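Please look over the sequence and the model shown here. A short report on selected features comes after it.

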Amino acid sequence: MIPGKYRSVSGRATNNVNCGLHLVIQTSSLPEKNKVEFKLNKDTPSFPGRLLQHDLERNYSSRQGDHINLVSSSMPSFPILQRSSEEKILYSDRLTLERQKLTVCPIIDGEEHLRLLNFQHNFITRIQNISNLQRLIFLDLYDNQIEEISGLSTLRSLRVLLLGKNRIKKISNLENLKSLDVLDLHGNQITKIENVNHLCDLRVLNLARNLLSHVDNLNGLDSLTELNLRHNQITFVRDVDNLPCLQRLFLSFNNISSFDNVSCLADSTSLSDITFDGNPIAQESWYKHTILQNMMQLRQLDMKRITEEERRMASILAKKEEEKKRENQKQSLLKEKKRLTINNVARKWDLQQRVANIVTAQDRKDSDSPSQDPCQIDGSHISASPEETGSLDSGLTSALQGLSVIDSHLVELDGDTLSLYGSGALESLDRNWSAQTAGMVTTVSFTFIEFDEIVQVLPKLKIKFPNSLHLKFRETNLVMLQQFNALAQLRRIDQLTIDPQGNPVVNFTLWKYYVLFRLSHFSMQKINGTEVTQNDMIMAERLFGILAHVASSELPQYRLISILGDARKKQFRYLLETKGKKPGIVNEENNDSKRLIGENTNRATLNYTTRDFYNERLEEIKEKKKFCKMYIEDLVKEATEINMKNEALQKLWPQMFIELVRDAVIEIRNKNSYMKLCLQQITDQK
């Protein structure tokens with residue numbers, strides 16, 4: 001026996017009819033005398049003429065009562081439902097079994113004319129025993145424990161299927177329900193929209209409170225006017241623009257954070273009502289005007305009517321947003337172009353350095369190899385190395401030519417910093433910079449440019465950007481301390497930054513002290529971001545003061561005057577004039593002045609020479625070395641020959657001496673004849 005009071009919620013109907021019904025429930029285990037009767041007053045609805053389609057997940061508000069017998073069948077698990085003839089006539093098209101604590105669907109015999117069947121609020125786990133109700137139009141299984149949609153293949157007339165608040169994980173087995181008008185699956189565990197594309201007559205689809213993460217696969221729902229997707233985990237929406245009749249879309253309380261994730265909605269021409277409240281996108285300042293601008297046909301947003309003033313403001317804000325977006329796009333393109341250009345400049349720089357290293361290595365190899373007569377060198381040895389080097393150089397050269405067709409330099413002015421990438425950027429210093437722009441520049445950065453090329457434009461830099469106080473060098477081939485001498489021609493430097501990358505000079509321990517000594521007249525404040533202290537200046541003077549003094553002392557006077565500028569020539573002549581005077585003649589003040597002038601002059605002798613000049617000097621030294629070597633070889637050869645002759649003479653001299661003595665004795669043996677011979681020789685000489 002099934003105890004208790006039963007209520008029925010048949011649906012959201014607009015018309016309710018009250019009547020009193022007599023309900024009888026009987027099982028085969030009870031005798032006739034134990035039949036229990038309950039008299040219930042309930043509301044009897046007519047078949048709903050119009051559903052509140054966006055709110056199907058609520059409980060039904062109308063009720064119905066029937067006089068029903070539940071008799072156990074020969075199969076104990078399925079009770080058989082029977083109604084009296086009177087009830088069948090009175091309520092021939094509807095049956096309510098709500099809140100009956102049913103775990104299975106009972107066998108319903110003789111009810112083939114049923115059009116409305118209600119199983120709300122039971123514990124049914126599977127849909128079964130209703131395949132004979134082929135005229136059924138309305139089936140309500142709300143609030144049960146159904147895990148799979150099944151047993152509906154014969155209900156081809158079904159138009160309303162309510163399966164909300166169950167345990168369904170997948171939409172399936174709806175192939176034969178092509179007449180469905182309303183499908184309610186809210187409150188289940190569905191993760192994907194599928195197997196609904198054939199429901200071309202479906203008008204209402206409710207998938208609220210499921211586990212959906214995205215919306216797609218909606219093609220074919222040509223009659224759908226309302227789609228409820230509230231309380232899911234949706235991040236993006238697709239295919240909605242393919243629904244020609246969709247008017248109401250409810251996306252409240254999901255995870256939509258960008259309009260781009262629902263951009264297909266802008267292509268829908270039928271949508272008039274949409275909700276996004278409860279999504280991250282609804283918290284954005286641009287939310288409302290972006291939606292209105294992209295969906296001009298909307299009449300309601302988040303259940304609120306849209307006014308013309310809101311549309312006008314949205315249009316204005318959208319234009320501003322579009323301008324901002326275009327500007328951001330432009331900046332993004334500029335940044336990407338900058339990145340590509342810098343990468344190209346870096347590759348070109350790397351190839352140039354590799355070529356230079358190969359040439360340097362080859363020169364060093366040639367200079368280290370012993371000098372031989374070309375005729376004595378094996379021909380195969382001569383052809384091997386140049387061929388190998390030539391193939392490598394040709395590959396690098398072709399790579400450089402390929403890069404030259406792309407942007408090979410970049411000039412960027414960002415605030416007070418002028419950044420130059422690639423040697424071609426140095427030409428920008430010849431532009432007609434406005435006085436205001438040039439005056440703003442306080443930092444100049446050089447990257448992927450040979451330092452010797454930078455030195456050539458330093459005079460222009462001093463004139464064009466008089467307020468530049470901070471110089472940065474990165475990948476500029478600073479390899480020698482003497483290169484820093486070129487910076488002395490600038491007007492002023494407060495900060496100097498030498499990036500270790502591409503500047504081997506920073507590997508010298510004392511390079512900072514040399515910079516401080518050579519550029520002491522600038523009184524620099526920072527080197528590589530580190531404050532310059534008085535102790536640093538003292539240490540720099542101690543380390544390099546003697547070097548500068550020796551350099552200036554060893555230089556000839558004419559050379560020293562040519563190095564100094566016109567402003568310092570008079571100072572130097574003053575030094576020469578006072579050089580021979582006694583210390584007492586010059587007062588203490590003049591001594592201090594002379595000392596200061598002497599220090600500046602000593603530093604000036606530490607001048608800059610370009611790499612080409614340095615290479616020329618190396619070539620000159622090589623030539624001198626070669627000449628000296630040949631001269632010494634000639635001297636050694638001559639001395640060797642003299643020594644050999646001397647040794648030969650020493651061996652022959654005893655015999656020669658004997659022969660000389662013998663000849664002399666023979667000649668003077670006859671004195672008179674010898675005298676006549678001598679007189680004759682004297683006479684012949686006259």
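The report below goes from the whole chain to single sites.

## Overall make-up

This is a predicted model. The protein has 686 residues, and 38% of them count as buried. Its secondary structure comprises 13 helices and 25 strands.

The accessible surface comes to about 39600 Å². Carbon and sulfur atoms hold 51% of that surface. Among contacts with a separation of 6 or more, 50% are between residues 24 or more positions apart.

## Cysteines

A disulfide is a covalent bond between the sulfur atoms of two cysteines. The search of the whole structure finds zero disulfides.

Cysteine 245 is at 34% relative accessibility, so it counts as partly exposed. Cysteine 264 has a relative accessible area of 11% and is therefore buried. Cysteine 264 is also one of the contacts of valine 237.

Valine 237 sits in strand β14, which spans residues 236-237. Its relative accessible area is 3%, so it is buried, the cut-off being under 20%. Beyond its neighbours within four places in sequence, valine 237 contacts Val215, Leu251, Ile256, Asn261, Val262 and Cys264. Leucine 265 is 28 residues from valine 237 in sequence. In space, their C-alpha atoms are 8.2 Å apart.

Aspartate 239 lies in the loop between β14 and β15 (248-250). Its phi is positive, about 70°, although the residue is not a glycine.

## Two buried loop residues

Where does glutamine 128 lie? It is in the loop between β7 (116-118) and β8 (138-140). Glutamine 128 has 18% relative accessibility, and because buried means under 20%, it counts as buried. Leaving out neighbours within four places in sequence, it contacts Phe78, Val104 and Cys105.

Aspartate 302 is in the loop between β17 (300-301) and β18 (304-305). At 19% relative accessibility, this aspartate also counts as buried. Aspartate 302 has a positive phi of about 55°, though it is not a glycine.

## The annotated coiled-coil region

An unreviewed UniProt entry carries the annotation "coiled-coil region" for residues 306-339. What does the model show over residues 306-339? The chain there is 94% helix and 0% strand. The end C-alpha atoms of this stretch are 45 Å apart.

Strands of a sheet pair through backbone hydrogen bonds, either parallel or antiparallel. Strand β22 (residues 470-474) pairs with strand β23 (residues 495-498) in the parallel sense, over four bridges. Within this pairing, lysine 472 stands opposite threonine 497 in β23.

## Aromatic pairs

The structure holds 10 aromatic pairs. In one of them, phenylalanine 627 and tyrosine 631 have ring centres 6.3 Å apart and planes at 15°, so the pair is stacked. The cut-off for stacked is planes under 30 degrees apart. Both residues lie in helix α12 (residues 611-667). They are four residues apart, about one turn of the helix.

Tyrosine 631 counts as partly exposed, at 47% relative accessibility. Elsewhere, ring pairs link Phe446, Phe451 and Phe473 into a cluster.

## Methionine 539

Methionine 539 is found in helix α8, residues 534-554. Its relative accessible area is 33%, so methionine 539 is partly exposed.

Note on methods:
Residues are numbered from 1 along each chain as its sequence is written. This is a predicted model: local features need pLDDT of at least 70, side-chain atom pairs count only at pLDDT 80 or more; totals for chains, interfaces and linings use all residues. Side-chain values use heavy atoms; hydrogens and water are left out. Buried means under 20% relative accessible area, exposed over 50%, partly exposed in between (1.4 Å probe, protein chains only). Contact means heavy atoms within 4.5 Å. UniProt positions are given in the numbering used here, feature names are shortened, and annotations may be inferred rather than shown by experiment. A disulfide is a pair of cysteine sulfur atoms within 2.5 Å. Accessible areas come from the Shrake-Rupley method with a 1.4 Å probe; for residues, only the protein chains shown count as cover. Two strands pair if DSSP finds at least two bridges between them. Rings of Phe, Tyr and Trp (its six-membered ring) pair if their centres lie within 6.5 Å; planes under 30 degrees apart count as stacked, over 60 as edge-to-face and the rest as tilted.
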